[in-house]
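Subject: Structure handover

Hello,

Here is the structure I said I would pass on. Please open it alongside this message.

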Amino acid sequence: MQKNKFKKGFVAAVVLALGASALAVPAKAADKEILVWADETRGPNLVKTLAAKSDWVSGYTIKIRTFSSFDALKTAVDAATDLTGPDIIVGANDWVATGAKNGKLAPLTLTAAQKANYTANNFFDLSYKGKLYGIPLDINNVAMIYNENLVSKAPKTFGEMVNYYKANKDSKGLVAGLCIAGGGMSWGAHSVFSALGGNAYVMKNGAVDANAKPVSADFVKNVKALLIDPATGKGNGFFPASDTGCKKNFLDGKVPFAVVGNWEWTDYQDAGFYLNLMPVPGVKAGSNGKMFGSVSGALLTSYAAKRGNEAGAKAVLTDFFGSAAGAVAYQKNELRPPANKAAAKGDLLTAQVNFGKASAAAGIPQIGAILNGTTGSKSYWDLLPAFWTAVLTDGKDVATEAGKLNDFLTKNIKAGVADL
């Protein structure tokens, strides 16, 4: 899937642990260790950041333990105990509800000045039952990129992209019009789903509108008109039901539009593409498909207090992760748009800025309590890819499949909202 003041007084040691092993750097005897768990990309980037400047919180050594993958980190978090758990977890926002309920995470209180650096959506992502459990780090989102060697200007509507594909498919050797290069056919493809009139849930005034229909009546009409070949009853080739080969095809100039993740934008820049990132345009000019624009978080654990590290862990969260200077320093290595509004005005790259703008224009929170499904339903993560396959590949009736999708999502919304 891809940018304050601080306390001085000591030089902290930085440790990178790979799997179960660690390369320890001796710390001063007076220093206490704050253990941070992170995945295979964030861990090394935190190590680089702290190696360049380590004196964020006086009296504490920050130790980074890196896991081999995001899934491996999640498995370790699930298995953590009072004896083995970390003080801080750099993880996903949709881990918050589970961690709060099972007691692995601890609430965090910020000052008004600290809160001012974030949006209400940022805090919504990391909160459960009105309590905040961490510091927002960076925005996880996708955006659409277009090949300027094929398309001269940004499209204003979804139909404009479809028309371009149909008119140029043969002459330019296009294998698709718009495909998902980053984030997969559920997370990454939500903006396409939304651009056509569907949503995993509808946000209104910063909250989920539990009464809004997730799959609108226009969605069926739009899918039929824009994605289905009337002659076959299957997909017309513009939007593939799979993300397989999308990235390579876009880089090879065989697809004019692609949804890409903010964790790998350098691949496109290195290939010579201008990062003209934007939301997927909607059916009507001026509208956009909504993308998941949630934040990752540095989450406070309950283990910190049990280890006698609560004060130090909170200081690391606010003075390093939560400071503008810390956010900018980290994002120079992580290369994502920072959630911290003051940091977003700092020394960032074009891609970080443009991903941030796309998220600001069309981002919605990623709400695990809704997306993960409920008893008697299915998870959104399984439902949307199954829908694409059913109507684009198998040629099943769009209205029937959209009705099933709407019913399942409605159940998920009602159950999820009750648990927020």
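Predicted model: local features only at pLDDT ≥ 70, side-chain atom pairs only at ≥ 80, totals over all residues.

Helix H15 covers residues 350-362. At 1.5 Å a residue, its 13 residues should span 18 Å, and the end C-alpha atoms are 18 Å apart, which agrees. Several residues of H15 are buried, including Ala351, Phe355, Gly356 and Ala362. Ser359 also lies in this helix. Ser359 has a relative accessible area of 7%, and because the cut-off for buried is under 20%, it counts as buried. Leaving aside neighbours within four places in sequence, Ser359 is in contact with Ile139, Asn141, Met291 and Gly293.

Next, the helix pairs. The axes of H17 (residues 380-393) and H18 (residues 398-418) come within 10 Å and cross at roughly 175°. Angles over 145 degrees count as roughly antiparallel, so H17 and H18 are roughly antiparallel to each other. On the H17 side the contact involves Tyr380, Leu383, Leu384, Phe387, Ala390 and Val391; on the H18 side, the residues include Val398, Glu401, Leu405 and Asn412. By class, this contact has 11 nonpolar, one polar and one charged residues.

H18 also packs with H9 (residues 217-227), at an angle of about 140° and with the axes 10 Å apart. H9 and H18 are therefore oblique to each other, and H9 passes H18 in a right-handed crossing. Phe219, Val220, Val223 and Lys224 of H9 make the contact with Val398, Ala399 and Ala402 of H18. By class, that contact has six nonpolar, no polar and one charged residues.

Regards

Notes:
Residues numbered from 1 in each chain as written. Heavy atoms only, no water. Helix = DSSP H or I, 4+ residues; strand = E, 2+ residues; numbered from the N terminus. Expected span 1.5 Å × (residues − 1). Buried < 20%, exposed > 50% of the residue type's maximum accessible area, 1.4 Å probe, protein only. Contact = heavy atoms within 4.5 Å. Axes fitted to C-alpha atoms, helices over the stretch in contact; angles between N-to-C directions. Parallel < 35°, antiparallel > 145°, perpendicular 65-115°, else oblique. Nonpolar A, V, L, I, M, F, W, Y, C, P; charged D, E, K, R; others polar. Left-handed = near helix turned anticlockwise from the far one by under 90°.
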